[in-house]
Amino acid sequence: MPEELLSRSFVVHGRDFEKAGEASTEIKSLLKSLEVDPDVIRRSVVIAFEAEMNIVMYATEGTVSFVLTDEDIGIEAADRGPGIPDLDLALQEGWSTATDEMREMGFGFGMGLPNIRRNADEFQVDTRVGEGTTVSTRVSLDGRP
């Protein structure tokens, strides 16, 4: 059983673009201070940022949580939002339901879930239309899934 070294959870508010990215920035700082491998940090921060932005863009509220163990980093994003009606479609690069306003701010290019999946060693999405979505990931510290 992996030993838990550090865990944090961040509340993320929907449509709060001013604070968007704070959770992933904090995760990056914590991992850097612990001298985690830079590639593992990069992959973890991509996951956290994309998940955080999905909450900001689509949900009313959610959390981004991470747990560092002696083996891996687990990142979970859970929201109270609309859920994803067609997960297969949402996992396709370039597919997006972003509004024009979101696109004008530089978001909504349909790379959120695909980027999360690409950077995770383990990736799972649980979504219920009208209730919300939980994205769970794991990044191995030694580069092996």
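The model is predicted: local features need pLDDT of at least 70, side-chain atom pairs count only at pLDDT 80 or more, and totals for chains, interfaces and linings use all residues. Residues are numbered from 1 along each chain as its sequence is written, and side-chain values use heavy atoms, with hydrogens and water left out.

**Loop residues**

Helices (H or I, at least four residues) and strands (E, at least two) are DSSP runs, numbered from the N terminus. Arg15 lies in the loop between β1 (4–13) and α1 (22–33), and Glu35 lies in the loop between α1 and α2 (38–58). Arg15 is not a glycine, yet its phi is positive; Glu35 is not a glycine either and also has a positive phi. Exposed means over 50% relative accessible area, buried under 20%, and partly exposed in between (1.4 Å probe, protein chains only).

| Residue | Phi | Relative accessible area |
|---|---|---|
| Arg15 | about 65° | 40%, partly exposed |
| Glu35 | about 60° | 73%, exposed |

**Helices α2 and α5**

The axes of α2 and α5 (residues 112–119) come within 9 Å and cross at roughly 155°. Axes are lines fitted to C-alpha atoms, for helices over the stretch in contact, with angles from 0 to 180 degrees between N-to-C directions. The two helices α2 and α5 are therefore roughly antiparallel (angles over 145 degrees).

In α2, Arg42, Arg43, Val46, Ile47, Glu50, Ala51 and Asn54 meet Gly112, Leu113, Asn115, Ile116 and Asn119 of α5, where contact means heavy atoms within 4.5 Å.

Terms used
Angles under 35 degrees count as roughly parallel, over 145 as roughly antiparallel, 65 to 115 as roughly perpendicular and the rest as oblique.
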